[in-house]
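Here is a short note for a colleague opening this entry for the first time. Please keep the structure in view while reading the points below.

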Amino acid sequence: MSSTDPTLTAAQVLAELRTCVGRAHGLHVRDLVARITGRSTPAPAQERRAREHVAALRLQGEHICGKPDTGYFMAATAAELDETCRYLRSRAVSGLRIESRLRQVSLAALLGQLALSDNDTPKNNANS
């Protein structure tokens, strides 16, 4: 982004997405950024930043749904949220399947390795 491009914030992305409730109101990232910045052709860096904000907001538990064919929107129903969760899971499993082939181990073995590595990660709690 150049110094003349407005900086996108997570708060702006969330505020705009809260006006887009339900699949019928989904916004593709270019349109989302255009609404926030007022520019009809947002910079690719702004689009990447918006996607990063969406990922971070989802990690915070915001019910931001969407797939490439629908654009981003806030869940209006449990079914919309479930559909997005299934989509995200299928992408994750696909990536893990590729990793298992690259490492030449079964997907089950890889998942077992991941579970073990999660158990080895120190927890940040008062009982540690």
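1. **Overall count.** Seven salt bridges turn up in a search of the whole structure. A salt bridge here is a side-chain nitrogen of Lys or Arg within 4 Å of a carboxyl oxygen of Asp or Glu. Side chains of opposite charge can pair when their charged atoms come close.

2. **Basis.** This is a predicted model, where local features need pLDDT of at least 70, side-chain atom pairs count only at pLDDT 80 or more, and totals for chains, interfaces and linings use all residues. Residues are numbered from 1 along each chain as its sequence is written, and side-chain values use heavy atoms, leaving out hydrogens and water.

3. **Arg35 and Glu16.** These two side chains form a salt bridge, at 3.0 Å from N to O. The pair links distant parts of the chain: Arg35 sits in helix 2 (residues 29–37) and Glu16 in helix 1 (residues 10–17), 19 residues apart. Helices (H or I, at least four residues) and strands (E, at least two) are DSSP runs, numbered from the N terminus. Arg35 is partly exposed, at 47% relative accessible area. Glu16 counts as buried, at 19%. Buried means under 20% relative accessible area, exposed over 50%, and partly exposed in between (1.4 Å probe, protein chains only).

4. **The buried side of helix 1.** Which residues of helix 1 are buried? They are Val13, Leu14, Glu16 and Leu17. They lie on the same side of helix 1, because they cover an arc of only 165° around the axis. That arc is taken from the directions from the helix axis to the C-beta atoms. The cover over these buried residues includes helix 2, helix 3, strand 1 and strand 2 (71–74). Contact means heavy atoms within 4.5 Å.

5. **Glu52 and Arg49.** This salt bridge also has an N to O distance of 3.0 Å. Glu52 and Arg49 are three residues apart in helix 3 (residues 44–59), so about one helical turn separates them. Glu52 is partly exposed, with 44% relative accessible area. Arg49 is partly exposed too, with 34%.

6. **Lys67 and Glu83.** Their side chains meet in a salt bridge of 2.9 Å, N to O. Lys67 is in strand 1 (residues 64–67) and Glu83 in helix 4 (residues 78–103), so the pair ties together parts 16 residues apart in sequence. Lys67 is partly exposed, at 23% relative accessible area. Glu83 is partly exposed, at 21%.

7. **A network.** Which residues are linked in a network of salt bridges? Arg23 joins Lys67 and Glu83 in it.
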